[in-house]
Amino acid sequence: MRNASGMTFVGDHIGEFYPGCLTVIGPNLPHDWVTATEPGETIKGRDVVIQFDPARIKAIANTVPEFTHLDNFFHRSERGLVFLGETRRRGVELIEAMGGLTGFARFSLFIQLLELLSSSDEFEVLSSPQFAPKLDVERRDIIQRSLIYIFKHLATDLHLSEIAEQAGMSESTFSRFFKKNTGNSFTDHVNKLRIWQACKLLAETDMPITDVCFEVGYLNISNFNRTFLRQHKMTPSAYRRLTSHRRTSRMLEAQPTKLH
């Protein structure tokens, strides 16, 4: 990801992405990166995507044994991986350098990238082991369109019926379909997104907590407080105090030392 931030959906994982984020997604794993934009708005150079077929690389191992050590990496990638630290920094450099090359020179950097990522322990696994749907192209498209619709209409009074109608399914059928292919029920998914949005507002603005509640789509403060407490084991006001303290500490650490 070059210059955008927002919500990331990988299997049953819901999280945040930011500029410089480096992820590897294995085959047949539903995924999307959603950035809130204005109607008609586009973000130039938003991200860089490299698509490849692990099966073809595994086939090379029949004649080039050095490629066999990639098997564990491909297996881990089936749950989605996000890379951190020096691996992330170096990986981003290799990917950007590939853009200016062609032919064997580009392929050489791709092999270096695979070697870097497969040998690194600076990563987090995203989707849970229990999540293992097998989606065809049509079903994957339905899930991704549903996720985008939910994200864009998060602040409204969302109902399962309207999402099911768009998917061309009955409510009960879509409810089962959504749970099976995202790992979350429709209600849990919406609550996770709304609380994530609330956390950003609590940490980055001085908006009153009641206003935050309505801004992210909750219709009453008690439901908002109860859901927030269940997800974060603290109240919204306690979360704001905690993030305010951390933000102040980071600002103080970033200030240059003055010698008198």
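Okay, a definition before anything else: helix axes here are lines fitted to C-alpha atoms over the stretch in contact, and angles run from 0 to 180 degrees between N-to-C directions. Helices are DSSP runs of H or I with at least four residues, strands are runs of E with at least two, and both are numbered from the N terminus.

Now the housekeeping. This is a predicted model, so local features need pLDDT of at least 70 and side-chain atom pairs count only at pLDDT 80 or more, while totals for chains, interfaces and linings use all residues. Residues are numbered from 1 along each chain as its sequence is written, and side-chain values use heavy atoms, with hydrogens and water left out.

So, the overall picture. The protein has 11 helices and six strands, and its C-alpha atoms fill a box of roughly 70 × 65 × 35 Å along the principal axes. Of its 260 residues, 37% count as buried; buried means under 20% relative accessible area, exposed means over 50%, and partly exposed is in between, with a 1.4 Å probe and protein chains only. Contact means heavy atoms within 4.5 Å. Take the contacts between residues at least 6 apart in sequence: 64% of them join residues at least 24 apart.

How about confidence? pLDDT is the predictor's confidence in each residue, from 0 to 100. The average for the protein is 87, and 91% of the residues score at least 70. Over residues 248–260, though, the pLDDT is below 50, and beyond near neighbours in sequence that stretch has zero contacts in the model. Where pLDDT is low, the predicted coordinates should not be read in detail.

On to helix packing. Helix α5, residues 137–152, packs on helix α8, residues 186–204, at an angle of about 45°, with the axes 11 Å apart. For the wording, angles under 35 degrees count as roughly parallel, over 145 as roughly antiparallel, 65 to 115 as roughly perpendicular, and the rest as oblique. So α5 and α8 are oblique to each other. Their crossing is right-handed, and handedness goes like this: right-handed if the near helix is turned clockwise from the far one by less than a right angle, left-handed if anticlockwise. On the α5 side we have L147, I150 and F151, and they meet F186, H189, V190, L193, W196 and Q197 of α8. That contact has seven nonpolar, two polar and no charged residues. The classes, quickly: Ala, Val, Leu, Ile, Met, Phe, Trp, Tyr, Cys and Pro are nonpolar, Asp, Glu, Lys and Arg are charged, and the others, Gly among them, are polar.

What does α8 do with α10? Those two pack at an angle of about 90°, axes 10 Å apart, which makes them roughly perpendicular. From α8 come N191, K192, I195, A198, C199 and L202, and from α10 come F224, T227, F228, R230, Q231 and H232. By class, we get six nonpolar, four polar and two charged residues in the contact of α8 with α10.

The next pair is α3, residues 85–98, with α4, residues 103–119: about 165°, axes 9 Å apart. That makes α3 roughly antiparallel to α4. α3 passes α4 in a left-handed crossing. In α3, the residues T87, R90, G91, L94, I95, A97 and M98 meet R106, L109, F110, Q112, L113, L116 and L117 in α4. The contact of α3 with α4 divides into nine nonpolar, three polar and two charged residues.

Let me zoom in on F110, which sits in α4. Is F110 buried or exposed? It's buried, at a relative accessible area of 10%. Leaving out residues up to four places away in sequence, F110 touches I50, F52, I57 and M98. Its C-alpha is 7.8 Å from that of I95, 15 residues apart along the chain.

Last stop, the loop between α10 (221–232) and α11 (236–254), where K233 is found. Most residues other than glycine have a negative phi. K233 has a positive phi, near 60°, and K233 is exposed at 69% relative accessible area. M234 is in that loop too, but M234 is partly exposed, at 23%. Neighbours within four places aside, M234 is in contact with F228, L229, Y239 and L242.
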